[in-house]
Amino acid sequence: MSNFLKGLMGGSGGGKPAPSQTSEDRKSEQARAAMAKIKDAIETVEKKTKHWESQKMDIERQAKASGIKTKAAKAKTMQLMKRRAMYDKNIANMNMQRDNMELQLFALESTIVTAQSVAAMDTGIKTQKNILDLNVAQRVTDELHDSMADMEELQATMAETVGPQMDESEFDEMWAEFESDEAVSEMEKMGEIPDAPETAADPAMEIPDAASHKLTQEEKDAQELMAFMNA
């Protein structure tokens with residue numbers, strides 16, 4: 001509870017005076033003193049008005065009793081009626097003063113409530129500033145941006161292609177080879193694959209003719225032995 005509210009409620013409680021009087025304490029005391037004076041004045045005016053109302057009623061009774069039958073009675077009644085008019089004027093004046101003071105008391109009470117609201121909002125703003133540090137909020141925001149940037153970089157890294165890379169020339173060569181293989185496969189399925197072209201025989205690979213082959217001495221001896229055995 002603020003010192004201002006404590007002052008309006010009659011102090012800090014426990015009958016112990018505050019160690020030091022603050023500006024809020026002085027304002028609360030001034031507000032309570034002003035309200036007390038206005039209430040006392042209203043009470044005084046009401047008492048005085050009630051007394052004058054009683055006096056006026058007594059004058060009216062006297063005027064009725066005096067009458068105006070004789071000259072002396074009429075003169076007395078006229079004096080009484082003058083006093084009655086004076087009481088009427090004073091009573092009306094007091095009533096207006098009472099109404100004005102009641103309006104002032106209402107305005108003062110409204111001002112006190114407004115002051116309480118302002119003090120409460122001021123305390124709330126100060127507390128909010130203590131809780132929500134602008135530097136901390138800026139740091140948290142910066143760290144959040146950094147974290148999001150790191151996450152985007154990590155996702156980009158995880159999405160990179162792994163394994164051997166292929167440039168455009170390698171792709172073109174592989175694609176041409178793939179299309180050639182596909183064409184050959186289709187021709188085989190349709191039986192239209194062309195015969196392989198004839199190539200000249202390699203002289204080195206030809207088997208020598210037996211007639212043109214010159215026998216060695218060992219081969220000649222072997223042949224004579226075979227003929228002798230068959231004879």
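Biologist: Does Lys-56 count as buried or exposed, and what is its relative accessibility?

Modeller: Keep in mind that this is a predicted model. The cut-off for buried is under 20% relative accessible area. Lys-56 comes out at 14% relative accessibility, so it counts as buried.

Biologist: Where is Lys-56 found, and which residues does it touch?

Modeller: Lys-56 is found in helix H2. Leaving out residues up to four places away in sequence, Lys-56 touches Arg-84, Tyr-87 and Asp-88. Tyr-87 is one of the buried residues of H3.

Biologist: Let's zoom out for a moment. How many helices and strands does the protein chain have?

Modeller: The count is 6 helices and 0 strands. Read from the N terminus, the order of elements is α-α-α-α-α-α.

Biologist: And how much of the protein chain is buried?

Modeller: Of its 231 residues, 12% are buried. The protein chain exposes about 19,600 Å², and 58% of that comes from carbon and sulfur atoms.

Biologist: What share of the contacts with a separation of 6 or more joins residues 24 or more positions apart?

Modeller: That share is 62% in the protein chain.

Biologist: What about the 61 residues of H3?

Modeller: Run the same kind of check: at 1.5 Å a residue, H3 should span 90 Å. Its end C-alpha atoms are 89 Å apart, which agrees.

Biologist: Which residue follows H2, and what is its phi?

Modeller: Gly-67 follows H2, and its phi is positive, near 70°. Gly-67 also turns up among the contacts of Thr-77.

Biologist: Now, how do I describe the way H2 and H3 pair up?

Modeller: Two packed helices are described by the angle between their axes and the distance between the axes. Here the axes of H2 and H3 (residues 71–131) come within 8 Å and cross at roughly 160°. That makes H2 roughly antiparallel to H3, because angles over 145 degrees count that way. The crossing is left-handed.

Biologist: Which residues of H3 are buried?

Modeller: Among them are Ala-73, Thr-77, Leu-80, Tyr-87, Ile-91 and Met-94. Further along in the list you'll see Met-101, Leu-105, Leu-108, Ile-112 and Ala-119. As a general idea, an α-helix has 3.6 residues a turn, so residues three or four places apart point the same way.

Biologist: Take Thr-77 in H3. What is its relative accessibility, and what is it in contact with?

Modeller: Thr-77 has 9% relative accessibility, so it counts as buried. Setting aside neighbours within four places in sequence, Thr-77 is in contact with Ala-63, Ser-66, Gly-67 and Ile-68.

Biologist: And Ile-91, is it buried or exposed?

Modeller: Ile-91, found in H3, is buried, with a relative accessible area of 5%. Not counting residues up to four places away in sequence, Ile-91 touches Thr-49, Trp-52 and Glu-53. Ile-91 and Lys-48 are 43 residues apart in sequence, yet their C-alpha atoms are 8.4 Å apart in space.

Biologist: One more lysine: is Lys-64 buried or exposed?

Modeller: Lys-64 is found in helix H2 and is exposed, with a relative accessible area of 72%. The cut-off for exposed is over 50%.

Note on methods. Residues numbered from 1 in each chain as written. Predicted model: local features only at pLDDT ≥ 70, side-chain atom pairs only at ≥ 80, totals over all residues. Heavy atoms only, no water. Helix = DSSP H or I, 4+ residues; strand = E, 2+ residues; numbered from the N terminus. Buried < 20%, exposed > 50% of the residue type's maximum accessible area, 1.4 Å probe, protein only. Contact = heavy atoms within 4.5 Å. Areas by Shrake-Rupley, 256 points an atom, 1.4 Å probe, with all protein chains shown as cover. Axes fitted to C-alpha atoms, helices over the stretch in contact; angles between N-to-C directions. Parallel < 35°, antiparallel > 145°, perpendicular 65-115°, else oblique. Left-handed = near helix turned anticlockwise from the far one by under 90°. Expected span 1.5 Å × (residues − 1).
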